[in-house]
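Colleague: Could you walk me through this model? I am new to reading structures, so please spell out your terms.

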Amino acid sequence: MPQQSRRNFIEQAAVLGGAGALTSLAGCSGDGGDGSGDSSDGSGTTGTSDGGSGGETEMLIGSVFPSGHVINEMANSWAETVSEETGDRVSITIEPAFGGESEVMEQTRIGSIDGTIIGTRWVIDYDPENFWVESPFVFENWEQQKRAFQTEFLDDGRERLREEGNQLLINQPVYRGYRHTSGNKAFETPEDIQGVNLRVPDLSPWVNIWEGIGASPTTVAFDELYSALQQGVVKSQENPAETVLSASLHEVQSHYTLTRHLASTGWFTLNADTFSGMSDGDQSVVRDTLTQSIQDLSSDIQESESQALDELESEGMTLVEPDRDAWLAAAEDPLRTQFEESWNPSLEEVRNI
């Protein structure tokens, strides 16, 4: 994308909050998948590079997270570091609330933007057989889940993301906190949630697993969740502590059961053509500083997670330590069914990671 066009795109994104720009500019991006736009070197960058002394590169990265979100704040700080360490050769703009995950990934694929900050959409779209890595009650703890992302099981998905999605994955997830289960009573054992109308995201594996445990899962858009709980459309939900706090769900839920059934993650992808158009040195700066920033933020979030739990308790929520072994046992059969019907490898192989 030429420099003036990219500048116009950034300005439109800022004015329209991102989502409108997606619609208005998708048609002028072409239907090719090489992300080259009409830059002279086919790299999707504003400069040229011979692999050694690359030219200037402007990057627009679309985030699905709202303005002020800790991941966006980290990304802005990272952008400043990159600018400093490359002598302003690489400038990065983070645009918050740019649209849904599918939208930002498609815009990155075709080269209208240069990267994404997303949740787990890349696994759903490019490696659905391994969506166990982001599903409830699969892992004993976050460390095991984090190791799973680094295994060869996901190599094919990363490669498909590169070949079909024209994106490189920064292969380090942002830890966004354990997901727990809230309601107007304690869920100490799975028996306590039998038949309870539980809001879950619109992900069929999650629905299947919760249904197999005995809940009555219902998919409700997150922006409708508070009112759905308030009006009794659903009776319970599951989300990390900071999400519960920031969305004020403690006002309409009295108990928070620490089921620790999954850790939420965030991911960065970069347009492959933009990245390959940089010099080797600038590529190293972008990749290495982002990896370090992700690690630092994950540690910070783990610390703030306990603070969020304390605040929820101070706001009147009852924190419940469940019989987690009973929960894991109840999830065993639906998980085995899910693995046998839709996922590879086996549950035993995953549990041994």
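This is a predicted model: local features need pLDDT of at least 70, side-chain atom pairs count only at pLDDT 80 or more; totals for chains, interfaces and linings use all residues.

Colleague: Okay, which residues of helix 7 are buried?

Modeller: In helix 7, residues 155-163, the buried ones are Gly157, Arg158 and Leu161, where buried means under 20% relative accessible area, exposed over 50%, and partly exposed in between, with a 1.4 Å probe and protein chains only. Helices (H or I, at least four residues) and strands (E, at least two) are DSSP runs, numbered from the N terminus.

Colleague: Why do they line one face of the helix?

Modeller: Seen down the axis of helix 7, its buried residues fall within an arc of 100 degrees, so they line one face; the arc is that of the directions from the helix axis to the C-beta atoms. On the other side of helix 7, Asp156 and Glu163 are exposed.

Colleague: And what covers the buried residues of helix 7?

Modeller: The cover includes helix 4, helix 5, helix 6, strand 4 and strand 9.

Colleague: Switching topic, which residues have the most contacts inside the largest nonpolar core?

Modeller: They are Trp122, Trp132, Phe137 and Trp210, in a core of 43 residues. A nonpolar core is a set of buried Ala, Val, Leu, Ile, Met, Phe, Trp, Tyr and Cys residues joined through side-chain atoms within 4.5 Å. Apart from this core lies another, of 28 residues, among them Ile71 and Tyr178.

Colleague: What does Phe137 touch?

Modeller: Not counting residues up to four places away in sequence, Phe137 touches residues including Ile209, Trp210, Trp327 and Leu335, where contact means heavy atoms within 4.5 Å.

Colleague: Last one: is Ile353 buried or exposed?

Modeller: Ile353, in the segment after helix 14, counts as buried because its relative accessibility is 18%. The C-alpha atoms of Ile353 and Arg147 are separated by 7.0 Å, although these residues are 206 residues apart along the chain. Among the residues that Ile353 touches, not counting those up to four places away in sequence, are Trp132, Arg147 and Phe153.

Note on methods:
Residues are numbered from 1 along each chain as its sequence is written. Side-chain values use heavy atoms; hydrogens and water are left out.
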